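This briefing goes through one protein chain, from its overall fold down to single residues. Please keep the sequence and the model in view while reading.

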Amino acid sequence: MEPMSLRFAAAVRTLSGEARRLGLRVPGFRSPPRLSGVDRTLRRRADGGATIAVVGRGRPFAAVLADMIDGIVVANDLTNADADRARAGLWVVAAASEQAA
């Protein structure tokens, strides 16, 4: 199995590409969050962008992907059906990428 950092970087590329394709703003990603004791943080920037920080170490990678996907949804202020469609599309490409790895 490849190291978490490589899986994280590959997931960022995959999810960012799909977010762009869906017409969403692509947040920055980092790991781990600066705030201890949490699995995910979202920091909004003055320019309208956002940075999602996710704990990867010691967690199932599916949980990391879920935090990344939800981070994209929250950073884009999506709700209801728009949020569901974005999550579904992001999960499809994430699952395909994981199977190809």
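The model is predicted. Its chain has three helices and three strands, and along the sequence these follow the pattern α-β-β-β-α-α.

**Whole chain**
- The C-alpha trace spans about 35 × 30 × 20 Å along its principal axes.
- A compact globule of 101 residues would have a radius of gyration near 13 Å, and the chain agrees with this at 13 Å.
- Of the 101 residues, 37% count as buried.
- Taking contacts between residues at least 6 apart in sequence, 50% join residues at least 24 apart.
- The accessible surface of the chain is about 5900 Å², and 54% of that surface belongs to carbon and sulfur atoms.

**Helix α3**
- Helix α3 runs over residues 80-100.
- The buried residues of α3 include A83, A86, G89, L90 and A94.
- Viewed down the helix axis, the buried residues of α3 fall within an arc of 140 degrees, so they line one face of the helix.
- Cover for these buried residues comes from elements including α1 (4-21) and α2 (61-75).
- On the face of α3 turned away from the buried side are the exposed residues N80, R85, V92 and Q99.

**A88**
- A88 is found in helix α3.
- Its relative accessibility is 42%, so A88 counts as partly exposed, because that class lies between the limits of under 20% for buried and over 50% for exposed.
- A88 and G37 are 51 residues apart in sequence, and their C-alpha atoms are 28 Å apart in space.

**S16**
- S16 lies in helix α1.
- With a relative accessible area of 7%, S16 is buried.
- A polar atom of the S16 side chain lies 2.7 Å from the backbone oxygen of V12.
- Leaving aside residues up to four places away in sequence, S16 touches V26 and F29.

Note on methods. Residues are numbered from 1 along each chain as its sequence is written. This is a predicted model: local features need pLDDT of at least 70, side-chain atom pairs count only at pLDDT 80 or more; totals for chains, interfaces and linings use all residues. Side-chain values use heavy atoms; hydrogens and water are left out. Helices (H or I, at least four residues) and strands (E, at least two) are DSSP runs, numbered from the N terminus. Buried means under 20% relative accessible area, exposed over 50%, partly exposed in between (1.4 Å probe, protein chains only). The arc is that of the directions from the helix axis to the C-beta atoms. Contact means heavy atoms within 4.5 Å. A polar contact is a pair of N or O atoms within 3.5 Å; within protein, one must be able to donate a hydrogen and the other to accept it, and residues adjacent in sequence count only if both atoms are side-chain atoms. The radius of gyration is taken over C-alpha atoms; the globule rule is 2.2 Å times the number of residues to the power 0.38. Accessible areas come from the Shrake-Rupley method with a 1.4 Å probe; for residues, only the protein chains shown count as cover.
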